[in-house]
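Thanks for making the time this morning.

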Amino acid sequence: MKKLNTNIWFLFKNYFQIGNVQERKFNNMAPDRYKNNSIDPNYISGLTQADGSFSCGIEKIENKQRLRFRPKFELVVDLNSKNALYKIQEYFSCGEVILRSSDHSARFIVTNLDDLRKFIIPHFKNYPVFFNKLHAFNLFTNILELLTKKHKNRDNLLILRLAISMNPVSRRTEEQIQEFSLILGNSQPIIKINNNIKNQTSELTMPFLCGMIDGDGSFNIIFVRPNSHKIGKIIPQLTICFSLSCLPLIEASKKYLGKYGVLEKTSSIYILRIRNLNEIINNVIPFMDSNQIYTQKKEHYEIWKEVCFILKNEEEKLSKTSFLKIIEIAYNMNQEGKRRKLTKDEYLKLISK
């Protein structure tokens, strides 16, 4: 534990200020060809806030009783949105896009240490993420700095502590962490570094929020089942999920999306639901139209927007023709309708009664 205590100044300097050595080493290294890519860098950071991660794998080298550390930056989207990742790969000029049919995902992954230092670190220093992701990024940056040293000169125990402190959810067990620690000659418990970032550290830009929506947002059309009170009512909704540490971002987002969203808290996330049609027409749609999204949600958004305008234009009473048109274009737009309790045909039969 003595070795850990001697590194308190290192952690303080690099976690809260990202030290002078890193500023000199990682800043101003982004190539000019970034400027030729149309994707907004703030959008990439927003998508990372929603669907990205900074992590560090830990591997045992059995025959040498050593540990190997593998930092990784990763973005994960639905397989149908793979073109968004190709666009981001083009922006960074590094990494690879991996398509996986097993879980219907597309992943942009960067593991090369030079690429992480040259491209990924400068980007997120210039276009930062927030709260839990900023905590992970700060520790990620510290690990990359420590890994510039030769193995015999590295503080591997400190790297281990940084690695296990990055993300609250991990597959690593306490037994595995203890085993890693013993390999490094330490028998004392390792104290994780807490996330103490409570305040918003930079402005929430429109492209950043748009990236968050492209990752953790959903454009839905709710078809209310007919009953004695509501006969086939249609409700448009924008849903955005935020991690529990990101409550201030919800307040900041209201500057762009309006103030009438309903906030719901679960055990793991906040869910912001915007259903007010006037708010959608006056705030959400102008916001989305002025900021580009790149995943399959772009198709869903265009359908959603069309439905919102139909509902607005026939606000007094929706005609049967418009009602059937909305069902036709929007009923199966998310997950091809797999999450709906009734199929489109079943719903049409129900309302015909």
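This is a predicted model: local features need pLDDT of at least 70, side-chain atom pairs count only at pLDDT 80 or more; totals for chains, interfaces and linings use all residues.

**Sheets and a pocket**

Let me begin with β5 and β6, which run antiparallel and are joined by 7 bridges; strands here are DSSP runs of E with at least two residues, helices are runs of H or I with at least four residues, and both are numbered from the N terminus. Two strands count as paired if DSSP finds at least two bridges between them.

Residues are numbered from 1 along each chain as its sequence is written, and side-chain values use heavy atoms, with hydrogens and water left out.

Within this pairing, Ser-218 stands opposite Thr-239 in β6. The open sheet to which these strands belong has 4 strands in the order β5-β6-β8-β7, paired antiparallel. Its edges are β5 (217-223) and β7 (262-265), each of which has a single partner strand, so one side of each lacks a neighbour in the sheet. From one strand to the next, the twist averages 25°, where axes are lines fitted to C-alpha atoms, for helices over the stretch in contact, and angles run from 0 to 180 degrees between N-to-C directions.

Now to another open sheet, whose 4 strands follow the order β1-β2-β4-β3, again with antiparallel pairing. Here the edge positions fall to β1 and β3 (96-100), and because each has a single partner strand, one side of each is left without a neighbour in the sheet. The twist in this sheet averages 35° from one strand to the next. Between β1 and β2 there are 10 bridges, and Glu-59 has Arg-68 in β2 as its bridge partner. Helix α6 (residues 113-126) packs on the sheet and touches β1, β2 and β4 (105-110), with its direction at about 50° to that of β2; contact means heavy atoms within 4.5 Å. A further helix, α7, lies across β1 and β2 and runs at about 45° to β1.

Which element gives the most to the lining of the second largest pocket? That is β1, with 6 residues. Other contributors, each supplying at least two residues, include α7 (131-146), α10 (206-216) and β6 (234-243).
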